[in-house]
Amino acid sequence: MTKKGLLLVVSGPSGVGKGTICKEYLSKYDDCALSVSATTRAPREGEVDGVSYFFLSHDEFRKKIDAGGFLEHAVFCDNYYGTPKDAVMEKLDEGKNVILEIEVQGALQVRSHYPEAVFVFVIPPSMEELENRLRGRGTETDDVIAKRLQRAKAEFKYIDKYNYTLTNDTVENAVCVLHSIIEAEKCVMARNYEYLKEEFIK
Ligand code: 5GP
C-alpha cells in the first residue's frame, strides 16, 4: 500500500511572492512537485509553455473544462486559470506531495472536493509592501496592477478558509516555515492511519 501524497494549496495576493517561495522550496527540498497550471493569459517574457504554464486559447480551455479535465478552475483578472486534474491525482496516488499555487476561488473548489488538502495563505509584511512588490516586478501595466491590487484586497477576506498563514518577510524564513508546515502535516495521524493499520496492526 502506498501512502498517499499530501496536497498543498498555496494562495496569496498577486505580488506577495508565493511563486518565489514555492520555487525556492522546490530547489531546496525534493519532497514535493509543483503542479503546472493551464491559463489563457499571454506568456510573460521568459515563461516556457509546459513549464511555467500550459498556455491555452480560450477555446482549448473551455473544451478542457467541458471534458472535466480540471481539478479546479477560476477566472482571475479576465483570464482563465486551472489545475489539470490527472497529473495531480497520479502524483498523489504515487505518494508524491503536490503543491498547487492558485488563487482563492480555485482553492475553495479544491477544499470542497478534497478537504484533506492543506491550505496555506501567504501574506506580505504590510499592504504597502505588497504594492511596492507588485510595481517593482515591472511585468504588468498600471491598469493590470490596479486590478491585481483590488483583487488582492478581495482575496484577504478568505484567509479564514485556510489552515495556515505564512508571512513572506524574507524568502528564506518563509521557506523554512513552509517546510515545518509540510513536515508537521505529514505526521498527522488521520493521514497515516490507513497506512499504519495495514503495516503494523492488521
Ligand atoms: P499570474 O498571472 O501572476 O501567473 O497568476 C495570477 C493568479 O492566478 C495567481 O494568484 C496564481 O496563484 C493564480 N493561479 C495560477 N495557476 C492557477 C490555477 O491553476 N488555478 C487557479 N485557480 N489559480 C491559479
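Is Asp78 buried or exposed? Asp78 is exposed, at a relative accessible area of 53%; exposed means over 50%, buried under 20%, and partly exposed in between, with a 1.4 Å probe and protein chains only.

Before I go on, the conditions. This is a predicted model, in which local features need pLDDT of at least 70 and side-chain atom pairs count only at pLDDT 80 or more, while totals for chains, interfaces and linings use all residues. Residues are numbered from 1 along each chain as its sequence is written, and side-chain values use heavy atoms, with hydrogens and water left out.

Back to Asp78. Its salt-bridge partner is Lys147, and the closest N and O atoms are 2.6 Å apart. By salt bridge I mean a side-chain nitrogen of Lys or Arg within 4 Å of a carboxyl oxygen of Asp or Glu. This pair ties together distant parts of the chain, 69 residues apart: Asp78 sits in the loop between strand 5 and strand 6, and Lys147 in helix 6, residues 142-156. Helices and strands here are DSSP runs numbered from the N terminus, helices being H or I with at least four residues and strands E with at least two. Lys147 counts as partly exposed because its relative accessibility is 32%.

Glu103 has 10% relative accessibility and so counts as buried.

The structure holds 14 salt bridges. Another one joins Arg191 to Glu185, at 2.8 Å between the closest N and O atoms. Arg191 is partly exposed, at 28%, whereas Glu185 counts as buried, at 11%. Asp31, Glu183 and Lys186 are linked in a salt-bridge network.

An open sheet of 4 strands runs in the order 4-3-6-5, with mixed pairing; two strands pair if DSSP finds at least two bridges between them.

Strand 5 and strand 6 (residues 79-84) run antiparallel and are joined by 6 bridges. Within that pairing, Glu72 has Thr83 in strand 6 as its bridge partner.

Next, strand 7, residues 97-101. Of its 5 residues, 4 are buried. Strand 1 (residues 7-11) runs parallel to strand 7, with 4 bridges between them, and Val10 is bridged to Glu101 of strand 7. Strand 2 (residues 32-34) is also parallel to strand 7, through 3 bridges; there Leu34 has Ile99 as its bridge partner.

Last, helix 8, residues 189-201, which contains Phe200. Phe200 counts as exposed because its relative accessibility is 64%.
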